[in-house]
Amino acid sequence: MCGIVGYLGPKNPKDIIVSGLKKLEYRGYDSAGVAILDQGKTKRVRAQGKLKALEDKLQHEKFDGHIGIGHTRWATHGKPSERNAHPHQVRGINLVHNGIIENYLDIREELLAQGADITSDTDSELVAHLIANEVDQTKDLFKAVENTLDKLRGAFSILVMWEQEPDRLVAFKDGPPLVVGLGEKEVFVASDVQALIQYTKKFVYLEDREVASIKGSDVQFFSANGFPIQKKIVELNWNPEMVEKQGYAHYMLKEIYEQPRAVAAAIEPHVNPETFTVALKNIGFGGQPVQKLEELDSKTDWAKTQEVFKGIERVFIIACGTSNYAGMVGKYLIEQLAKVPVEVDIASEFRYRNPVIPPKTLVLTISQSGETADTLAAIRMAKEMGATTLSICNVRNSTIDREAHGHLYMNSGPEIGVASTKAFTSTMAVLNCLAIAMGRSRGVMNEANEKDLVRSLLAVPSQMEGVLAYDKYFEEAASKLKLFRGFLYMGRGTSYPIAMEGALKLKELAYMHAEGYAAGEMKHGPLALIDERMAIVMVAPTDHLYEKTISNLEEARARGGKVISIGTGDNEKLRSISEYYLAIPQAHWTVSAILTVIPLQLMSYHLASNLGYDVDQPRNLAKSVTVE
Ligand code: F6R
């Protein structure tokens, strides 16, 4: 979950690497470093803590070389410290690494027996030693890396340079993502295109066990066992402004406010606003590589998709964290609208519990980053077991996107705040499209019903604007929350996963204890927690479960709990029993979760930012979880 950047070209590597690392800081932020050629030697500068500490150190540093690598770290082996920061340097070899080397203990022992001078506690430094040993023999960096790969086990990516070959970078991926950016007489390498989008729009995505050998501005690709391979250049249409804060105090706030646009972009390809019908666009079932999706014949593709939907008898939804909560909303939608049984699984559990996947199963994975290690392992396993797989990702061409049989996209644009917001609401919008499409394809939903549901969905972006306009009330409610000892978030139906998501947002941003519960579960244990220092956050939109939710709320209130409620419109009842009542507009149950989560996101945001916490980069977390 670290961030890697490399540059080889005529410009100043320091500026490019530091600006790239800034865009990747979401991947890890406990230390950072660069190694850049200067007067024929690689000068290394590293610092513990956030990137700012490295920037301060680099302020007066000058480098005359044109090659360099940089890294921002999320500690796995070895605590956050300068000595454990990357790049690791061994006899002119400089290496940055993302991921885990599983056999590092054996390698370490072997190196120590050979008398190696190991200066950090990381698994990464050991790889630098192995490559340095090889390069002593081969005098060729590419060959040295190639010879080393066989000795390493795990999921990892590396980028390496060698003082003696000052016009070469070698990159290898087997797990965490790496892309090569192609510019005019310059080449970049990074963990994520966000780091490079201001310099180039042309990218080559490395697949697992592929090596990029960059010499000057010439880039060649090889399989790990040395065979040359042809790679496709992908041109992205993102613009650099999409990854800037644009005047907002934090990326997270910007991303919360972008949600109406993101949801509109998520549904736009699939929904016809004139006929109020859904036809999923270019899913690509049939095994075509994703790069060709845009070239698919939409009509035949849709027919193929409907055929797949007709044939399935079960759906598994697999994801982690916030994406998993979106999946839980998906369960309610798909079971109700398409009448297929759905199981929702946390990816890290699914992959290790020998799941039974019956024939005719669709496995749907949800991942904003498309790189989450457990979700990726789950989709691979499902494929091996014969399931048809479909992914909903935000990052196109990400590993999960590329590996799935079928592809749907959140279309949220880059999400940089570590806490997921717009990807969550966009996913719920895509899941609405998916459930409607399945329901129609399977003949369990009539045309009139489809039209009603599509009308509700199309109304959501402007309803979201309406909710955002009440931000000052959410901020006011947030100002009182710090007085509480703990928080119980509750809801029923699709409001249950929203309660879980609300609690997660509070935990990760404000570091306060919060739990999300199905409201009906309160009397089975959690009621014992309630006293006047426990806040109850009740998600209670006016739907078929409203009356039951209110009964649960009364039970909690009778035990002294203080209530913050989220309901529909001007709800006198909720207002009268709540310390704070936050209103969302009237909406169909299929879309209300997209609205009720907004006050919860904003309350957590305001509380954390008023407490002075780093909202965009909460402690101990990273955005892209590429280790299990
Ligand atoms: C919480 C959050 C995480 C992610 C989880 C999965 O705000 O962002 O819980 O949802 O790490 O990440 P993706 O969706 O990239 O697979």
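**Notebook: around the ligand**

I began with S369, where a polar side-chain atom lies 2.7 Å from an oxygen atom of the ligand. A reminder to myself: this is a predicted model.

Next I looked up S367. Its side chain has an N or O atom 2.6 Å from an oxygen atom of the ligand. I then turned to K505 and found a side-chain N or O atom 2.7 Å from a ligand oxygen.

How much of the ligand does the protein bury? I noted 410 Å² exposed for the ligand taken alone, and the protein buries 89% of that.

I also asked which elements give two or more residues to the shell around the ligand. They are α9, running over 321-338, and α16, running over 495-510.

Then I went through the surroundings as a group. I read that 15 residues surround the ligand, and that S323, S367, S369, T372 and E508 are the closest. By kind, I have the shell down as eight polar, five nonpolar and two charged residues.

Where do these residues come from? I found that domain 2 (255-463) and domain 3 (469-610) each supply at least three residues to the shell around the ligand.

Last, I checked the record for the start of the chain. An unreviewed UniProt entry carries the annotation "domain: Glutamine amidotransferase type-2" for residues 2-217. Over that stretch, 2-217, I noted 25% helix and 35% strand.

Methods. Residues are numbered from 1 along each chain as its sequence is written. This is a predicted model: local features need pLDDT of at least 70, side-chain atom pairs count only at pLDDT 80 or more; totals for chains, interfaces and linings use all residues. Side-chain values use heavy atoms; hydrogens and water are left out. A residue is near a molecule or strand if one of its heavy atoms lies within 4 Å of it. A polar contact is a pair of N or O atoms within 3.5 Å; within protein, one must be able to donate a hydrogen and the other to accept it, and residues adjacent in sequence count only if both atoms are side-chain atoms. Accessible areas come from the Shrake-Rupley method with a 1.4 Å probe; for residues, only the protein chains shown count as cover. Helices (H or I, at least four residues) and strands (E, at least two) are DSSP runs, numbered from the N terminus. Ala, Val, Leu, Ile, Met, Phe, Trp, Tyr, Cys and Pro count as nonpolar, Asp, Glu, Lys and Arg as charged, and the others, Gly among them, as polar. Domain bounds come from an automatic or database domain assignment. UniProt positions are given in the numbering used here, feature names are shortened, and annotations may be inferred rather than shown by experiment.
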